[in-house]
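This briefing goes through selected local features of the model shown below, grouped by topic.

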Amino acid sequence: MISAAVDDCPTITLTKTERDDLASVAARAAATPPRLVDDSGWVATARALSCRLPPRLNEELRRFRHDPGPDGLILVRNLPVDDVLRATPSTPGSVERTATREAAAQVLITLQLGEVVAFRNEKAGALVQNVVPVPAHERQQSNAGSTRLEMHVENAFHPHRPDLVALMCLRNDHENRAGLRIASIRRAAVLLPGLVRRVLAEPRFVTEPPPSFGGADGEAPAHPVLAGAPDDPDVRVDFSATRPLDDDAGRALETLREAFDQVARTIVLTPGDLALVDNRLAIHGRTAFTPRYDGNDRWLYRTFVHLNHRVSRASRTGNGNVLD
């Protein structure tokens, strides 16, 4: 595994003036009645205010949307995060319904990339979700765990999985051991033999939905792991939930895992860092850490983004932001 420092990643670090300007717009959004992130009126106001982000930030976001580069990642640093935060949540399914300044800042940024979405069966459809360790969930392969999280495409099983995933750090773990692991198919594909790429491009794999989505209705549909342009494919895999349908597919999947391991990097996020991950090109996971459940554990905000909101219209009641 190639471990990279934050400085090696595609990064935009806000100046003090830019940070203050973003904080001002975020505070205005946060104060907008009813001060609820999931309210459609609040989202509409935030969508309009997102046009007032610092110009240099908007330029970088627009560039990233057009082409997320070889890593499928951009890191925005020095976002406004209060020096004194409330205790890190520790309950299952924790979400951020209230429009805090930090939540507003994340929504403003993601709304300049596309539309913020959520899934009814995942954390009750909240648009801003807490990624925090939960007691008795340590070994789960989920955002509530603290064991090593397998590399995956977010909601790889879903036909309308997110195009982008945004992860904003409010607080890291006590020892700064928890790291975001990320690897791009654009870097891994060059390590794959032609035969392996052909197998991965065939519908010889299935990805099971988690219990929260009701599990599979019968057999999960077969799908390819690589799709789209042969010379620049998208990837669809969750190494904890995707399984091959035959031996050759199994060997190809293992070769892909090894290629991802060779190009993966680990980034330790610090408060005020926002990682924007292209969920079509990059897989991500997390290194293990030890929570203390003392109110100061690792705490990230997570949001999902669709670049083409119209595609999922039939799954969204009232043209809202939550997929049923």
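Asparagine 78 sits in the loop between strand 2 and helix 4, where helices (H or I, at least four residues) and strands (E, at least two) are DSSP runs numbered from the N terminus. The model is a predicted one, in which local features need pLDDT of at least 70 and side-chain atom pairs count only at pLDDT 80 or more, while totals for chains, interfaces and linings use all residues. Residues are numbered from 1 along each chain as its sequence is written, and side-chain values use heavy atoms, with hydrogens and water left out.

**Loop residues and backbone geometry**

- Asparagine 78 has a positive phi of about 70° although it is not a glycine, and with a relative accessibility of 29% it counts as partly exposed; here buried means under 20% relative accessible area, exposed over 50%, and partly exposed in between, with a 1.4 Å probe and protein chains only.
- Asparagine 319, in the loop between strand 15 and strand 16 (322-323), likewise is not a glycine and has a positive phi, of about 55°; its relative accessible area of 44% makes it partly exposed.
- Asparagine 279 belongs to the loop between strand 13 and strand 14 and is buried, at 2% relative accessibility.
- Leaving aside neighbours within four places in sequence, asparagine 279 is in contact (heavy atoms within 4.5 Å) with Val153, Glu154, Arg161, Pro162, Asp163, Leu164, Val165, Val235 and His284.
- The peptide bond from proline 33 to proline 34 is cis, with omega near 5°, and proline 34 lies in the loop between helix 1 (16-30) and helix 2 (40-49).

- Helix 3 (residues 55-66) has 12 residues, which at 1.5 Å a residue should span 16 Å, and its end C-alpha atoms are 17 Å apart, which agrees; the expected span is 1.5 Å times one less than the number of residues.
- The buried residues of helix 3 include Leu57, Asn58, Leu61 and Phe64.
- Seen down the axis of helix 3, its buried residues fall within an arc of 125°, so they line one face of the helix, the arc being that of the directions from the helix axis to the C-beta atoms.
- The face of helix 3 turned away from the buried side carries the exposed residues Pro55, Arg62 and His66.
- The cover over the buried residues of helix 3 includes strand 1 (11-13), strand 2 (73-77), helix 4 (101-111), strand 6 (164-171) and strand 13 (274-278).

- Strand 13 is mostly covered, since five of its five residues are buried.
- Both of its faces are covered, with Leu274, Leu276 and Asp278 buried on one side of strand 13 and Ala275 and Val277 buried on the other.
- Strand 13 pairs with strand 2 in the antiparallel sense over four bridges, and leucine 75 stands opposite alanine 275 in strand 13; two strands pair if DSSP finds at least two bridges between them.
- Strand 13 also pairs with strand 6 in the antiparallel sense, over five bridges, and here alanine 166 stands opposite leucine 276.

**Helix 7**

- Helix 7 (residues 247-263) has 17 residues, which at 1.5 Å a residue should span 24 Å, and the distance of 25 Å between its end C-alpha atoms agrees.
- Ala249, Ala252, Leu253, Leu256, Ala259, Phe260 and Val263 are buried in helix 7.

**Pocket and cavity**

- On a 1 Å grid over the protein atoms alone, a cavity is a set of points where a 1.4 Å probe fits but cannot get out, and a pocket is an open set with protein on both sides within 12 Å along at least five of seven lines, lining residues having an atom within 4 Å of a point.
- The largest pocket has a volume of about 900 Å³, with grid points joined across faces, edges and corners and a volume taken as the space filled by probe spheres set on the points.
- The largest pocket is lined by 44 residues, of which Glu122, Gln141, Ser142, Asn143 and Glu154 lie nearest its centre.
- Strand 4 (129-131), strand 5 (149-152), strand 14 (282-286) and strand 15 (299-306) each supply at least two residues of that pocket's lining.
- The structure holds one cavity of 30 Å³ or more, and the largest cavity contains about 50 Å³ of space.
- Asp71, Leu73, Ile182, Ala183, Ser184, Arg187, Val263 and Arg265 line the largest cavity, and the largest share of this lining, three residues, comes from strand 7 (residues 180-184).
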